[in-house]
Amino acid sequence: MPVLVGENQIAFIAGRQILNGALIVNAVITWLRRTKKPGALLKIDVQKAYDIVNSFFLDSVLQQMAFGSVWRGWINSCLSIASISVLVNKTPTTPFPVKGGLQEGDPLSPFLFVLVVEVLSKVLYKASSNGIFRGLTVGQDDVHISHL
C-alpha cells in the first residue's frame with residue numbers, strides 16, 4: 001500500500017496513524033493563528049462515498065495501478081458475490097445480494113477505498129500544481145500542504 005498511495009494518505013497504511021491528520025490540521029490552524037497569516041481550510045466528508053464506490057471505477061483504478069486481470073477478477077468477484085440475510089423470529093431469510101459500493105465489515109474494503117481516494121488525492125495535487133488553489137506553506141521549514 002505505501003507504494004500505491006501518497007504520503008498525504010494516512011488511514012489503513014502500515015506505519016501511518018489515522019490521528020496524524022487531525023494533529024497536522026490542528027498544528028496548521030495554530031500556526032496560522034500565531035503567525036496571523038491568511039488561510040482557509042476545506043474539510044470534505046467522504047464517509048458517504050464509501051457506500052457508493054462504483055465497481056467499474058474501482059476496476060479502472062486497479063487497472064491504472066497495474067493490478068493484473070487475475071487480481072482484478074478476484075476483487076470484482078469478492079465485491080459482487082456479497083450477500084446478506086436477515087433474522088426473522090430467529091430464523092435467517094433467504095440471502096439476497098448486497099448492492100451499493102464497498103461493504104462495511106469487509107476486511108478488504110478499507111484498502112480498496114484508500115486506492116479510490118488516491119485518485120481524488122492526485123486530482124487535488126494536480127489542481128494545486130496548476131495553480132487552481134495554492135495550499136499552504138507552513139512552519140519554519142516551509143512545508144507545503146495542499147491536502148491531507
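These legends describe close-up views of a predicted model. Local features need pLDDT of at least 70 and side-chain atom pairs count only at pLDDT 80 or more, while totals for chains, interfaces and linings use all residues. Residues are numbered from 1 along each chain as its sequence is written, and side-chain values use heavy atoms, with hydrogens and water left out.

**View 1. The largest nonpolar core has 16 residues.** A nonpolar core is a set of buried Ala, Val, Leu, Ile, Met, Phe, Trp, Tyr and Cys residues joined through side-chain atoms within 4.5 Å. Buried means under 20% relative accessible area, exposed over 50%, and partly exposed in between (1.4 Å probe, protein chains only). Val53, Leu58, Leu62, Leu79, Leu102, Leu112 and Leu115 touch the most other members. Two or more residues each come from α2 (55-64), α3 (69-80) and α4 (109-129); α4 gives the most, with five. Helices (H or I, at least four residues) and strands (E, at least two) are DSSP runs, numbered from the N terminus. Another core, of five residues, lies apart from this one and includes Val28, Trp31, Leu32 and Leu136.

View 2. Arg72, Ile75 and Leu79 of α3 are buried. An α-helix has 3.6 residues a turn, so residues three or four places apart point the same way. The face turned away from the buried side carries the exposed residues Ser69, Trp74 and Ser80. The buried residues of α3 pack against α2 and α4. Beyond its neighbours within four places in sequence, Leu79 is in contact (heavy atoms within 4.5 Å) with Leu58, Leu102, Asp106 and Leu112.

**View 3. Helices α2 and α4 pack at an angle of about 80 degrees.** Their axes are 10 Å apart. Axes are lines fitted to C-alpha atoms, for helices over the stretch in contact, and angles run from 0 to 180 degrees between N-to-C directions. The two helices are therefore roughly perpendicular; angles under 35 degrees count as roughly parallel, over 145 as roughly antiparallel, 65 to 115 as roughly perpendicular and the rest as oblique. Phe57, Leu58, Val61 and Leu62 of α2 meet Leu112, Leu115, Val116 and Val119 of α4.

**View 4. Lys36 has a positive phi of about 55 degrees, although it is not a glycine.** Lys36 lies in the loop between α1 (19-35) and α2. Lys36 is exposed, with a relative accessible area of 73%.
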